[in-house]
Amino acid sequence: MIRGHSMPPRYHIKPHGFSLLEAILALAIIAAALIAVLQVRTQMIRGAQQARDRQALERDDEAVFQMLVAGLLPPPTSADGIVTWQGEFLDRPYIIQRTVERIPNPNVDELDHPVRPSLPLIVYTLTIDERTTVFPWYE
């Protein structure tokens, strides 16, 4: 250094803002979070659609069974103790078969007077669109 000429002290100037690496890292974190949220949303939409489809099928099954209970179906046929109704519901063929099973009477040991040891259980089996639904009916 020359006497009389002093150099100003060097100040380290701190940069303002984020570095490129910090910005890229922040964008990567935000993108990962967005992808996760969108995947969850997609799964929720798919699950809701499947639930709606399942409910529609169950409503159709219940509607056909209620038509049977109300006596609105064509007359059945009977063979070997199985009563069968056939027809179409919303342009889809269906078959309902009624069978009778015997189940143990739960009141056999509970009552003071004699009761039947078994009770009839009427089972209606509905087949529509290659899907089977069973409706148990107690007398």
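## Helix and sheet

Contact here means that heavy atoms lie within 4.5 Å of each other. With that in mind, helix α1 of this predicted model lies across the strands β2, β3 (92-104), β4 and β5, and the helix runs at about 45° to β5. The sheet itself is open and is formed by 5 strands in the order β1-β2-β3-β4-β5, with antiparallel pairing. Strands β1 (77-79) and β5 (131-138) stand at the edges, where each has a single partner strand, so one side of each is left without a neighbour in the sheet. From one strand to the next, the twist averages 25°.

Strands β4 and β5 run antiparallel and are joined by 8 bridges.

## The aromatic cluster

The structure holds 5 aromatic pairs. One of them joins F65 and Y124 in an edge-to-face arrangement, with 5.5 Å from centre to centre and 70° between the planes. This pair links distant parts of the chain, since F65 belongs to helix α1 (residues 20-69) and Y124 to strand β4 (residues 118-128), 59 residues apart. Because buried means under 20% relative accessible area, F65 counts as buried at 5% relative accessibility, and Y124 counts as buried at 10%.

Another pair is made by W85 and Y124, which are tilted, with 6.3 Å from centre to centre and 45° between the planes. Since W85 lies in strand β2 (residues 82-89) and Y124 in strand β4, the pair ties together parts that are 39 residues apart in sequence. Both W85 and Y124 are buried. Taken as a group, F65, W85, Y124, F135 and W137 form one aromatic cluster.

The structure holds 3 salt bridges. In one of these, the side chains of R92 and D60 meet at 2.8 Å, N to O, and this pair links distant parts of the chain, with R92 in strand β3 and D60 in helix α1, 32 residues apart. Both R92 and D60 are buried.

A salt bridge also brings together the side chains of D61 and R131, at 2.6 Å, N to O. Here D61 sits in helix α1 and R131 in strand β5, so that parts of the chain 70 residues apart are linked. At 5% relative accessibility, D61 counts as buried.

With D129 in the loop between β4 and β5 and R92 in strand β3, the two are 37 residues apart.

D129 counts as partly exposed because its relative accessibility is 37%, a value between the limits of 20% and 50%, whereas R92 is buried, with a relative accessible area of 19%. D60, R92 and D129 are linked in a network of salt bridges.

Notes: Residues numbered from 1 in each chain as written. Predicted model: local features only at pLDDT ≥ 70, side-chain atom pairs only at ≥ 80, totals over all residues. Heavy atoms only, no water. Phe/Tyr/Trp six-rings, centres within 6.5 Å; stacked < 30°, edge-to-face > 60°. Helix = DSSP H or I, 4+ residues; strand = E, 2+ residues; numbered from the N terminus. Buried < 20%, exposed > 50% of the residue type's maximum accessible area, 1.4 Å probe, protein only. Pairing = 2+ DSSP bridges. Axes fitted to C-alpha atoms, helices over the stretch in contact; angles between N-to-C directions. Salt bridge = Lys/Arg side-chain N within 4 Å of Asp/Glu carboxyl O.
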